[in-house]
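Q: I am new to this structure and would like to learn how to read its features one at a time. Could you take me through them?

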Amino acid sequence: MLNKYARAFFTRVLTPFAAFLIRRGVSPDAVTFIGTAGVVAGALVFFPRGEFFWGTIVITLFVFSDLVDGNMARQLGRSSRWGAFLDSTLDRVADSAIFGGLALWYAGSGDDNVLCAVSIFCLSSGQVVSYTKARGEAIGLPVAVNGLVERAERLVITLVAAGLAGLHKFGVPGIDVLLPIALWAVAVGSFVTLVQRVVTVRKESEEADAADAAAGPDARAQGSEATS
């Protein structure tokens with residue numbers, strides 16, 4: 001839902017800024033690298049120290065680069081496989097830094113092994129959720145399902161909760177409980193999404209195999225070559 005509606009809204013809002021960067025000679029790839037570096041720095045410098053509010057502010061300022069670089073590429077007419085690959089790869093790096101930073105906090109001063117494990121699960125399950133779709137598409141399947149919690153939802157839920165939890169250091173009582181709740185919600189949602197995608201790929205693969213079998217040996221041979 002966020003990918004469908006929020007992305008379109010912020011893309012329109014950020015279009016003038018993307019055009020400004022283009023006029024300044026900044027490349028989309030540079031924006032991708034800078035945005036990822038900012039997210040990683042914000043997550044790994046602030047989160048392990050429990051500075052969730054300021055860490056979230058820094059991450060939020062840079063996370064919009066994910067929309068700006070694509071907007072720039074479209075304005076320049078330079079949309080490419082390399083750009084898509086780079087953007088997707090660095091998204092995984094940024095996500096790992098966010099949940100890794102939270103895991104470091106709970107493994108250290110946060111002193112909560114259960115939430116440390118939940119943070120690590122959020123990190124790993126997010127990577128696997130992305131992989132299932134990419135792998136399914138690589139073997140020629142549409143993977144026609146989005147799932148309950150995609151990347152946008154994982155980031156929004158986690159960062160909003162982290163930012164609000166950070167207000168605890170400013171004297172707001174009890175608000176720090178939001179972050180554990182958010183991590184559990186993301187963990188459960190990611191697991192459900194993973195199951196949804198695995199079930200979808202299984203169904204689509206069975207349908208594709210049946211269609212190949214009905215089409216004859218030549219189609220089966222082509223399908224085998226596609227997965228090799």
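Q: In what order do the elements of the protein run from the N terminus on?
A: This is a predicted model, and from the N terminus on its elements run α-α-α-α-α-α-α-α-α. The secondary structure comes to nine helices and zero strands, while the C-alpha trace spans about 70 × 50 × 25 Å along the principal axes of the protein.

Q: At roughly what angle do the axes of α2 and α3 cross?
A: Two packed helices are described by the angle between their axes and by the distance between those axes. Here the axes of helix α2, residues 28-46, and helix α3, residues 52-63, cross at roughly 170° and come within 8 Å. Angles over 145 degrees count as roughly antiparallel, and α2 is therefore roughly antiparallel to α3.

Q: Which residues of α2 and α3 meet?
A: From α2 the residues are Ile 34, Gly 35, Gly 38, Val 39, Gly 42, Ala 43 and Phe 46, and they meet Trp 54, Gly 55, Val 58, Ile 59, Phe 62 and Val 63 of α3. Sorted by class, this contact of α2 with α3 has nine nonpolar, four polar and no charged residues.

Q: How do the axes of α7 and α8 cross?
A: The axes of α7 and α8 come within 8 Å and cross at roughly 170°, so these two helices are roughly antiparallel to each other. On the α7 side, the residues in contact include Arg 154, Ile 157 and Thr 158, and on the α8 side they include Leu 178, Leu 179 and Ser 190. By class, the contact of α7 with α8 has ten nonpolar, two polar and one charged residues.

Q: Which helix gives the most to the nonpolar patch?
A: Helix α8, residues 178-215, gives the most to the patch, with five residues. The patch lies on the surface and is formed by Phe 121, Leu 148, Val 188, Phe 191, Val 192, Val 195 and Val 199, which together have about 590 Å² of accessible area. Val 199 has its place in helix α8.

Q: How many salt bridges does a search of the whole structure find?
A: Side chains of opposite charge can pair when their charged atoms come close. A search of the whole structure finds seven salt bridges, and one of them joins Asp 91 to Arg 151, with the closest N and O atoms 3.6 Å apart. This pair links distant parts of the chain, since Asp 91 is in helix α5 (residues 81-107) and Arg 151 is in helix α7 (residues 151-165), 60 residues apart.

How values were computed: Residues are numbered from 1 along each chain as its sequence is written. This is a predicted model: local features need pLDDT of at least 70, side-chain atom pairs count only at pLDDT 80 or more; totals for chains, interfaces and linings use all residues. Side-chain values use heavy atoms; hydrogens and water are left out. Axes are lines fitted to C-alpha atoms, for helices over the stretch in contact, and angles run from 0 to 180 degrees between N-to-C directions. Helices (H or I, at least four residues) and strands (E, at least two) are DSSP runs, numbered from the N terminus. Angles under 35 degrees count as roughly parallel, over 145 as roughly antiparallel, 65 to 115 as roughly perpendicular and the rest as oblique. Contact means heavy atoms within 4.5 Å. Ala, Val, Leu, Ile, Met, Phe, Trp, Tyr, Cys and Pro count as nonpolar, Asp, Glu, Lys and Arg as charged, and the others, Gly among them, as polar. Patches are made of residues with over 30% relative accessible area and no salt bridge: like charges are joined within 9 Å, nonpolar side chains (Val, Leu, Ile, Met, Phe, Trp, Tyr) within 5 Å. Accessible areas come from the Shrake-Rupley method with a 1.4 Å probe; for residues, only the protein chains shown count as cover. A salt bridge is a side-chain nitrogen of Lys or Arg within 4 Å of a carboxyl oxygen of Asp or Glu.
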